Amino acid sequence: MTKQTAKKSNLYEERRRDILSQKVAAYTGTKNLYESMIPAVKSLIMHSDVDKIYLLIEDDEFPYEMPEEIVECINVKDQRFFRPDGPNMTSGFTYMAMMRATYCKLFPDLDRILSLDVDTIVVDDISDLWDLKLGTPPRGYYFAAAREPGRSKEGKVYTNIGVALYNLDFLRLSKGQEVIDLLNERKLPFVEQDAFNMRCQGRILLMDSAYNSTIFTDKTNDPKIIHFAGQKHWQDEPLYKQYMDIPWDEALKKRRQPKEEPKSDMGYYLGEKWKAKSKRKSRGENKSDNEKSLNKAL
């Protein structure tokens, strides 16, 4: 190995360690849910030390202001994982919900990612949620989520993945593709939630329902994340409006400080990087010169 090659290898390993130490979260949403992402993201920033948040959207530009140092938008409108005439493409949950099944492919450098529905509000510190012991291949858990007692049966657990911590390294081995294949083959009532529960059965870590407090999950007296699943007009809830009205500068001041700022973009789509621009306050550049240089070097 030459000195130059060794230098690049060391740089890659450094970058890899930085990426693996980051706390990353993701939301998905069609146009009608863009505005709903604002209070959801604000609440997460205010009650965690999250490093990076990805918004999977269907436009090149996000029409609302987001803090670009933390939030990155990825346009997945032209995704090819799910057939346009697929059995679940006409579901009321939209194809964006199914995009969660592709995280292990969209983010090849990540080992885990926290997925949240846009109808969630974080109300207490959840920084420890990323530290759940999911294990490593070939043993461990494919994801962690809260149990739904009403849909769980003897010997089989059913979970609500409106809040889920995915073990991406483990899903890449086979189950990630199996979930995608199932969604292309069969119509499922709860789409990707059913698919994950079916294909990953026996390797699901039960998350405390405090991290996903819904009318479907086990009751909790000390919720950390309020999830309005199954509730109509949830955008009219006082808690939702409360976080919507919080100015961004105030939300960012309450953010728990991460170890260090993220150093790279990790949104990949079909082998190429796709990045959507969010509306900026002061500057409109997509990526720093340092990031461009690092990616070019690798």
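Helix H6 passes helix H7 in a right-handed crossing, and in this predicted model the axes of H6 (residues 175-185) and H7 (residues 191-199) come within 9 Å and cross at roughly 130 degrees. Angles over 145 degrees would count as roughly antiparallel and those from 65 to 115 as roughly perpendicular, and H6 and H7 are therefore oblique to each other. On the H6 side the residues that meet the partner helix are Lys175, Glu178, Val179, Leu182 and Leu183, while H7 brings Val191, Glu192, Ala195, Phe196, Met198 and Arg199 to the pairing. Sorted by class, the contact of H6 with H7 has 7 nonpolar and 4 charged residues, and no polar ones.

Helix H7 itself is mostly covered, since 7 of its 9 residues are buried. The buried residues are Val191, Glu192, Gln193, Asp194, Ala195, Phe196 and Asn197, a list that can be followed along the helix in the structure above. Which elements cover the buried residues of H7? The cover includes H6, together with helix H3 (94-98), helix H5 (168-173), strand E7 (143-147), strand E8 (159-167) and strand E9 (204-206).

Val191 deserves a separate look. This residue lies in helix H7, and its phi is near 45 degrees, a positive value in a residue other than glycine. Is His233 buried or exposed? With a relative accessibility of 58%, and with exposed meaning over 50%, His233 counts as exposed.

Arg83 lies in the loop between strand E4 (71-75) and H3, and with a relative accessible area of 38% Arg83 is partly exposed. Although Arg83 and Asn184 are 101 residues apart along the chain, their C-alpha atoms are separated by 6.8 Å. When neighbours within four places in sequence are left aside, Arg83 is in contact with Met89 and Asn184.

The nonpolar interior comes next. In soluble globular proteins, nonpolar side chains tend to be buried together. In this model the largest nonpolar core has 44 residues, of which Leu44, Ile53 and Leu55 touch the most other members. Helix H2 (residues 37-46) gives the most to this core, with 7 residues. A second, separate core of 39 residues includes Leu182, Leu188, Val191 and Cys200; of these, Leu182 and Val191 are also among the residues through which H6 and H7 meet.

The protein chain contains 10 helices and 13 strands, and buried residues make up 53% of its 298 residues. Among the contacts in the chain with a separation of 6 or more, 73% are accounted for by residues 24 or more positions apart.

Definitions and conventions:
Residues numbered from 1 in each chain as written. Predicted model: local features only at pLDDT ≥ 70, side-chain atom pairs only at ≥ 80, totals over all residues. Heavy atoms only, no water. Core = buried A, V, L, I, M, F, W, Y, C linked by side-chain atoms within 4.5 Å. Buried < 20%, exposed > 50% of the residue type's maximum accessible area, 1.4 Å probe, protein only. Helix = DSSP H or I, 4+ residues; strand = E, 2+ residues; numbered from the N terminus. Axes fitted to C-alpha atoms, helices over the stretch in contact; angles between N-to-C directions. Parallel < 35°, antiparallel > 145°, perpendicular 65-115°, else oblique. Left-handed = near helix turned anticlockwise from the far one by under 90°. Contact = heavy atoms within 4.5 Å. Nonpolar A, V, L, I, M, F, W, Y, C, P; charged D, E, K, R; others polar.
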